[in-house]
Amino acid sequence: MATVIAPPQRTSSPEIVELVQAKSAEFNWVFFVVIAAFHLGAVAALFTFHRSSVFVFLVMWLFGQNVGISISYHRQLTHRGFTTPKWLEYAMAVCGTTALQGSPIYWVAVHRMHHQYTDKPGDPHSPRDGKWWSHMGWILRGSLHSETAMLSRYAPDLQRDRFYQWLAVWHWLPSH
Ligand SMILES: [Zn+2]
């Protein structure tokens with residue numbers, strides 16, 4: 001199966017080449033080590049079970065995955081499904097950073113690309129390019145991670161916001 005996700009496509013303007021996810025020559029060892037450590041931690045948790053750990057897990061899952069990724073990154077920031085006061089929007093976006101899925105600008109841009117090209121050439125993580133690619137390959141070898149200037153084209157609304165510019169650099173901080 002082809003691993004190059006899409007050939008460059010031209011828009012109506014001949015100077016603009018659409019941004020595409022391609023298999024990078026460089027393996028992202030930083031992501032690999034972080035993800036591997038979390039999987040090892042999940043196995044270790046089976047042998048060090050404690051009720052307080054379950055409570056911490058539930059709180060982190062509730063705020064990181066549900067409030068942060070599902071409500072903030074996905075529904076509010078990507079699809080603009082609803083609005084809130086800015087302080088609440090920012091607070092929920094910070095929750096999203098604790099899920100270790102990147103900054104709001106990166107996540108939103110990749111997800112808007114995904115909706116634009118769902119399961120077609122240009123989809124950054126289509127299963128048509130392989131199950132492994134759509135699961136982990138695009139994270140470990142995807143070329144979009146280093147294309148922050150290009151990604152901002154898909155999230156210009158967030159790119160204009162100084163708080164999201166700041167989070168694009170420091171998104172790893174809240175989870176520490
Ligand atoms: Zn969506």
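Predicted model: local features only at pLDDT ≥ 70, side-chain atom pairs only at ≥ 80, totals over all residues.
At what angle do the axes of helix α2 and helix α4 cross?

The chain contains 8 helices and 0 strands. Followed along the sequence, the elements give the pattern α-α-α-α-α-α-α-α. The chain comprises 176 residues, of which 28% count as buried. Of the contacts between residues at least 6 apart in sequence, 67% join residues at least 24 apart.

Two packed helices are described by the angle between their axes and the distance between the axes. Helix α2 spans residues 51–78 and helix α4 spans residues 104–116; their axes cross at roughly 65° and come within 10 Å of each other. The crossing in which α2 passes α4 is right-handed. On the side of α2, the residues that make the contact are Y73, H74, L77 and T78. On the side of α4, the contact is made by P104, W107, V108, H111 and R112. Sorted by class, the residues in this contact of α2 with α4 are 5 nonpolar, 3 polar and 1 charged.

A further helix, α5, covers residues 131–141. Which residues of α5 are buried? They are W133, W138 and R141. These residues lie on the same side of α5, because they cover an arc of only 95° around the axis.

Terms used
Residues numbered from 1 in each chain as written. Buried ≥ 20, exposed ≤ 12 C-beta atoms within 10 Å, placed from the backbone. Helix = DSSP H or I, 4+ residues; strand = E, 2+ residues; numbered from the N terminus. Arc of directions from axis to C-beta. Axes fitted to C-alpha atoms, helices over the stretch in contact; angles between N-to-C directions. Left-handed = near helix turned anticlockwise from the far one by under 90°. Contact = placed C-beta atoms within 7 Å. Nonpolar A, V, L, I, M, F, W, Y, C, P; charged D, E, K, R; others polar.
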